[in-house]
Structures are given as structure tokens and as C-alpha cells.
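Subject: Handing over the two-chain model

Hi there,

Here is the model I promised to pass on, with my notes below it. Have a look at it first, and then read on for what turned up.

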Amino acid sequence: MTASRLSLWQAAWVIARRDMRAILFSKAFLLFLLGPIFFGGISLGAGMLGAKAAGSAEPARLAVILSPQETADLRRAYAELAPLVDLPIVEAVRANDTEPRALLKDRDRNFGAVLTGSLAAPRLTGTPDQIERWRGRVALLAARAMGDSATYPSVVLDPTSSSVASARTAQTGTATAGITLLFLLTMLLAGMVLSNLVEEKANKIIEILAAAIPMDAVFVGKLFAMLGVSFVGLAVWGAIAGVAILLGGAAIPALVAPAIGWPLFVALFVVYFALAYLLIGSIFLTVGSMAATVRDVQTLSMPATIAQLAVFFLATFAMTDIGSPMELFACIFPLSSPYAMVGRAAQSAALWPHLLALVWQVMWVAIFVRVGARLFRRKVMKSGPAGRKPKNKGAPAV
Amino acid sequence: MATQAQTPLIETLAIEAKGLVKRFDDTLAVDGVDLSVPEGAIYGILGPNGAGKTTTLRMLLGIIDPDEGVRRVFGHDRPHDIARLIGYLPEERGLYPAMKCDEAIAFMGALRGLPLDEGRRRGRELMEAHGLGHAVDRQIRQLSKGMAQTVQLLGTLVHRPRLVVLDEPFSGLDAINQGKLEVMIRELAADGVTVIFSTHVIHHAERLCDDVAIIAGGKVPYAGSVDAARDRIPAQVRLETRRAEGAWCTALPDDARHDPKKDGSHFWYFPLPAGGIEALLKRLIEGEAGVLSLSIERAGLHDAFVEIAGAAAAKAMKDEVPA
């Protein structure tokens, strides 16, 4: 064994490895995992009940505007397939009855989409979600109606303009959900990293660490350990969500697809989450280095918590108007940038702002971690049990 | 990353400190401390609580930086650069309560660069060797205070350091465990390890140390060998006679203290005369003092401490000795 000390990253790894093991096998982590699952389960249950209630009340129908012959063929195909496949209720509408978009707006008739054109070239008009959901079944029906089960006609989709508008509104909902989830996760983790540090100080471990490795490494190790823990949590939650979606299917209330698509949105969410956590976590760790007791933590972390709330409200408010000065400010301000960019990812398909934002945020993470580690090193041994001595002695306090 | 060692001022010193000063706000905790700890020595830092012992040790180890002065450990200005050579047991004992003993020892070794597997293996060996083999798989929270303290000490030693720094290592230990710790310290020194420990219990330092630094009020009024500290006070003569008067009395120093006893005997206490005891003894016999006993008592480290640090510091030390 050489005399030289561990490098910063080696030492940080020693700390992170211990912290991760300790947290992952603790009851606190179980609660950490169960918390969102509990709330998610309640939401899911409520959503499924709601969906079931809505479904049993009045399912949306498929309006059919075809020639009489093709309508008859379609009815025959429907009768054959309905026992085998979950098909929407079809209702023939006279060709000259009305225009498809007007039919969709007719509140008395509850049409989810309108089938026009021909069996060989069907055209489906409706909300993007609905026509996407029914296009396969319509193709199946049309193929059967034409007597050719092997060749499915290509269904032309015609999303309604009002539906596009509603999709945008719904994307705002996706953005809000993303920002809220990001906020809750970072708050939860920042609180955990803070209590972990205070517990360490209470256990008087900190002086052993300070004697052996650079305090910067303790800071970095603790910060990244909690990030690792959070990734494990995300993986578990993601897996559970995936299973729930597979099992629950359409009964689960779904968010509208974000503008950049789900895969990229999820990937960006994870990266923005990591950056948001590193930013706020470094602040909370620095706060923790100055605190000796839980009461100190509450007092000192209050401004940081308020600031984080302000950032959350800023991002939530700003995302309602993409491109506005407020939204641009939220994207640029380091602490709100991850939240605002999640909101943007849900509503805007442009990718280059994310590249810029990631570079910008990584730079700020580096600054926050560096400054935080420096303050941590200065403060952590000046507070807490290790830094205090009885003052009732004659000689100067140590 | 290894750093280039600087040339130590004296080749054989494990620790050298010159003019260390540390302030906390308005409090001057350490005020110009000089220390020289030879390699392989058992070195004690003696002083009452609040004297500056812990702050001095923390500065020597690089946990905190001095406001003024220099410190070198094995010739290095930055002790962290040679962290693998150092073991440290802080005064505030601390272990992760949920960790198993061998894991705790291995973790402390890992902090000093020892691979975890090797740390676990050595941890088990050390625990077996110190009679704690049955507790290897127990969590720290399940141990008695003495056992937990031993585990922490083993964690301090698991990476086989060349310098072991122990801050108040005897506090909180019962007499049996104090004895075991003394044996352990002697064994370390026998293996060539430099041991430096702070204590406010003088007899531990007196029994173990080659050299001591006496610290009081943030200053070090004495640093050197235990023998030299004791030699600062002349040996005391304790004389017992049958008679209290006579011409022989003029042979006694003027400051001799007379202590008559109820059984008719008389005790006399005075410093050993510069000329030795033989001439005095001759005059006592010739003067028919009726010498019953005569002994020369060398000063203890406690007397030296009183002489050097003052009675107030000595009283503070005495007050802090656990019952």
C-alpha cells in the first residue's frame, strides 16, 4: 500500500458506496420507494374507477359515413368480429347528414370519431388520441368487410383542429405533471441527503472522515450516493409503472404524449432530474455542514426550501407561455432551468434548446458542487459535536 | 496521488510542529505550540480539557488548518497526502450504528486506501486477536460501549499505519480495557509505530510515554522526555527520627518540613541536598538523631506537571479523573 492518499474520486467512491448500501438497505429507503407508489396507487385506482364509471355510462361511438353497400358490409363484419375483438360501437350516419367535424361537436350523439371515404381507403376523423386508438380496429373491420382478412387498408387519419388545440392543452398537463414530479423528487432527495449528513454528524463519524480524506470527497460522495439511490428508486418506480400500464392498459388515465415524444422526454426528464437534484442537493449539503442539530437544519434549510418552492412556481407559471420572457428567464436561471426545460420538452419539439440547457446546467452544477464543497470543508468541522467543547472550563475552548 | 516529500527538519521525526496558532472567533485555542515527536516513540500530550489538545491534534492531522505556524508529518506539510500512513481515533467516538463490526473496520481501512475485502479479512483477524471474534457479525449498535470503542480502535489500526494518533483513548474505558489498551499501545511501539495520544490522566502518560508535551491554556510550557520533566523537581528526602531536637538539626535544610507523629516519631521532608545524602546521614548519626528511616523519593510526573503547568491546571486534571 502506498503512502499517498486516495484521490478525490476514489475517496468519494468510498463514501458513496457506503452511503448507497446503507440507504438502500434501510427502512427509510423502503418508505422512500413506497411513498410515490402509495400515492400513485391511489391515483391509479381512482383513475381506473373513473374510467370504468365513464365507460359504463356511455362509451364513445364510431360514426360511419359510407355507401349503403359498404355500410352493410361493415355491419356484417362487425357482427362477426365483435364477439372476438373489443370494437367501438358503430353507428351509421347518412352521407348527407352532416360534415364529420360537425358530428364530432354534436354533444347529443357522443361520437369519438367519424369513418368516411371507402372500405378500401378509409378516413378517420377525430381527436388524435381517439383516431390513433381506433385506426387498427377500423382497418380490421374494413378488411373483413371487404372479405380480405389478410390485407388491411391504410387508414388515413384526420385529426380535428379542435382536437389539436386540446392536445396542446393536454401537453401543458403533461408538462405540469413532469415539473411537479421533478420538484417532489428533488425535494424528497435533498431532504434525505440533509438528514443523512446530520445523522452522520450526530454519530460523530465526520471527524474520522475528515482525518482520512478530503472533505470535498465527502461532499461529492454523499451527493452522488443519493443520486444513485434516486436512480434505483426511479428504476423501481418505472418498472412498476410499466407493469401497471401493461396490466391496466387503457383503463389507466394517460397523459398526452409530450411534443418530443415519450422516449426522449423520459430520457431528458432523468437527466434534468439529476441536474436539478445536484444543484439543490449541493445547497442542502452545504446547509447541513453548518447545522449541528435537527433544529439548526430546519432553521437553515428554510430559505433554501422557500427558494425551491419559488423556483417551482416560476417554472410552472412560465411554461404556460413558451417563448415568453418569463419562460426564457426560467430556462436560463440555473435553479429553475431543469424544471422549465422539462415543461418545454412537453410542449415544444425543438431539441437544440435542450442541448444548450444541458451544457448550461452542467456548468452550473460544477460551480455549485465546487463552491458547496469548499464551504462544506470550511464549515463542517466548526459545528456539531465534534466542533464544540464545554465552555465551563477555565482554559480556552478547543 | 503521491506528493513529493519535503525534507524534514530532523530526519527521525514523525511529527514536527512550529508555532501552531488556532483561533475560533475571539478565542485563542492554541497559542504557538511547538512539538517534535520522534519516530517510534510513545508521545503523550497532557493537559486538562479545553487546554488545546484536540485542536492541536486536529491541526497535526490536517483536519483543520492552523492560522499560523507549520506542521509536518513524516516531512509532509499536508498530512492528508500521507493519510495511508496515519491512523486516528478521535475523542468523539463515532461508528455507523447499523454497520457490522467487520464492515466498520473495513470501511475505516477503505478510507485509508485498504481494499474492502482485505479490510474485512484483517478486521476479522484483529477482532479474533482481541477476544471479539464472537461479535464480528454483530451490528455496532449491539455492542457495549467498551467493545464499540475497541472496534473503532481496530479500525484505526487495520491499514497498519506508521503513526497512530489517539485523542483521549482511555476515556470511557473501564480499568480492564484501559489495561488492554496500554498493552496495545506498547505493542504498537514495539513494532516501530509512532503513537501519540492525548490524555488528562497523568498516570497513563507516566506509565506509557517516552516523551510528553504539557499543554495548558493553548500553550506548551514543556515538551520533552518524561524523565527530564520529573528531573526538573529535585528529589525529596523523607526522614524519620526518634528525636525532634539536637545539634544535628542544623544539618537539615532551612526549608525542611517537620511533621511530628502521635507515636513520638518525627518526619522531615526536604529536597535532596546538592552534595548528596551521605554527608547528611553522617551528621545525623553523629548527632544521635535516632534515624528510624530515610528514603529518597523521586518526583512524579504529576509533581512535574504542577511545577510546569501550575496548580490550577493540575487541579483541573485531578477534577477530571473519572471515579
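Before the sheets, a word on terms: two strands count as paired if DSSP finds at least two bridges between them. Helices (H or I, at least four residues) and strands (E, at least two) are DSSP runs, numbered from the N terminus. This is a predicted model, in which local features need pLDDT of at least 70 and side-chain atom pairs count only at pLDDT 80 or more, while totals for chains, interfaces and linings use all residues. Residues are numbered from 1 along each chain as its sequence is written, and chains are lettered from A and ligands numbered from 1 in the order in which they are written.

Let me start with chain B. Its domain assignment (bounds from an automatic or database assignment) gives domain 1 at 13–230 and domain 2 at 234–297. The centres of domain 1 and domain 2 of chain B, taken over C-alpha atoms, are 46 Å apart.

Chain B has an open sheet of four strands in the order 11-12-10-13, with antiparallel pairing. Strand 11 (257–260) and strand 13 (291–297) of chain B each have a single partner strand, so one side of each is left without a neighbour in the sheet. From one strand to the next, the twist averages 15 degrees; axes are lines fitted to C-alpha atoms, for helices over the stretch in contact, and angles run from 0 to 180 degrees between N-to-C directions. Six bridges link strand 10 (residues 236–241) of chain B with strand 13 of chain B in the antiparallel sense, and Leu239(B) has Leu294(B) as its bridge partner in strand 13.

What is the phi of Asp25(B)? Its value is near 55 degrees, positive in a residue other than glycine. Most residues other than glycine have a negative phi. Asp25(B) belongs to the hairpin of strand 1 and strand 2 of chain B, which has two residues between the strands. With 7 C-beta neighbours inside 10 Å, Asp25(B) counts as exposed. For the cut-offs, a residue is buried if 20 or more other C-beta atoms lie within 10 Å of its own, exposed if 12 or fewer, and partly exposed in between, with C-beta atoms placed from the backbone.

Arg160(B) also has a positive phi, near 55 degrees, and sits in the loop between helix 4 and strand 6 of chain B. Arg160(B) is partly exposed, with 15 other C-beta atoms within 10 Å. As for helix 4 (residues 145–157) of chain B, its 13 residues should span 18 Å at 1.5 Å a residue, and its end C-alpha atoms are 19 Å apart, which agrees; the expected span is 1.5 Å times one less than the number of residues. Its buried residues include Val151(B), Leu153(B) and Leu154(B). The buried residues of helix 4 pack against strand 5 (86–89), helix 2 (101–111), helix 3 (116–129) and strand 6 (163–167) of chain B.

Now to chain A, which comes to 13 helices and five strands. Of its 398 residues, 39% are buried. Chain A has an open sheet of five strands in the order 2-1-3-4-5, with mixed pairing. Strand 2 (89–92) and strand 5 (156–159) of chain A stand at its edges, each with a single partner strand. Strand 3 (residues 111–117) and strand 4 (residues 122–126) of chain A pair in the antiparallel sense over five bridges, and Val114(A) stands opposite Thr125(A) in strand 4.

Finally, the interior. A nonpolar core is a set of buried Ala, Val, Leu, Ile, Met, Phe, Trp, Tyr and Cys residues joined through C-beta atoms within 7 Å. The largest has 155 residues, and Tyr339(A), Val342(A) and Ile214(B) have the most contacts inside it. Helix 9 (residues 262–290) of chain A gives the most to this core, with 16 residues. A second, separate core of 23 residues includes Leu104(A) and Val114(A).

Best wishes

Technical notes. Contact = placed C-beta atoms within 7 Å.
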